[in-house]
Amino acid sequence: TWENGKYVEESKVAAQNYAYQIFLVRSVNGIQELVNTDPSLTGDDVSVPWGYEYTCFTVDKTGIQNINWQYPTVVTDTVVEQTTLKPYSDIEAIFQDMIKIEYEAMTNLFYGENGEMEVNVDDVQLCLVRVREEGGSISGLLIPAWVFYGHNIGIDAEGNKNYDHYNGSVSIWPKAPIVLLTINAIDGTIIDLAKGY
């Protein structure tokens, strides 16, 4: 329940029915793509909306309740057969630096100087991530990237918690793991999934 514009955690009632969400991920030449758990991840305000593939089955005790498949990927050809990747130790160092920069800005935006942000990494995967081609509206390349999945928890000055801040959205409860940071495995640059590059 909500009281005076705030969610009251103690008012939670036990769920009458539980469900599982099963996310399917495309594989290209034996390498899986990014696991997208956010169907609203479609792009920034100035480009043509082009989301990452999202395939999710919601199943409860009575069976399949929902199937959601958005932005299917169509792979046409291979541009580069082999490429050299940065050592993971370099990627880890980039992550250590950039996660602080990314989430400090987000904490200040949402909570001001008195807020806190806890970031928990649950999984790290080397997978394919689509980036827009320069000058292309809905054409791109699948490139190898290190994807850090997990959760973030924002805490305001009064101790109220919000979960999984990303691309301007936030939740009052933890969801499926979200993408915390995506690092190009070839050159070590950060890939902004909202912009698609």
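Strand E10 (161-166) and strand E12 (178-184) each give at least two residues to the lining of the largest cavity. Strands (E, at least two residues) are DSSP runs, numbered from the N terminus. A cavity is a set of points, on a 1 Å grid over the protein atoms alone, where a 1.4 Å probe fits but cannot get out; lining residues have an atom within 4 Å of a point. Among the residues lining the largest cavity are Val 35, Asp 38, Asp 164, Tyr 166, Ile 178 and Val 179.

This is a predicted model: local features need pLDDT of at least 70, side-chain atom pairs count only at pLDDT 80 or more, and totals for chains, interfaces and linings use all residues. Residues are numbered from 1 along each chain as its sequence is written, and side-chain values use heavy atoms, without hydrogens and water.

The count is 2 cavities of 30 Å³ or more. A volume is the space filled by probe spheres set on the points, which are joined across faces, edges and corners.

| Space | Volume | Lining by class |
|---|---|---|
| Largest cavity | about 90 Å³ | 5 nonpolar, 3 polar, 3 charged |
| Second largest cavity | about 40 Å³ | 5 nonpolar, no polar, 3 charged |
| Largest pocket | about 1,000 Å³ | 20 nonpolar, 10 polar, 6 charged |

Ala, Val, Leu, Ile, Met, Phe, Trp, Tyr, Cys and Pro count as nonpolar, Asp, Glu, Lys and Arg as charged, and the others, Gly among them, as polar.

E8 supplies the largest share of the second cavity's lining, 3 residues. Leu 128 and Leu 142 line that cavity.

A pocket is an open set with protein on both sides within 12 Å along at least five of seven lines. Leu 128 and Leu 142 are among the residues nearest the centre of the largest pocket. E9 gives the most to its lining, 5 residues.

Terms used
Helix = DSSP H or I, 4+ residues; strand = E, 2+ residues; numbered from the N terminus.
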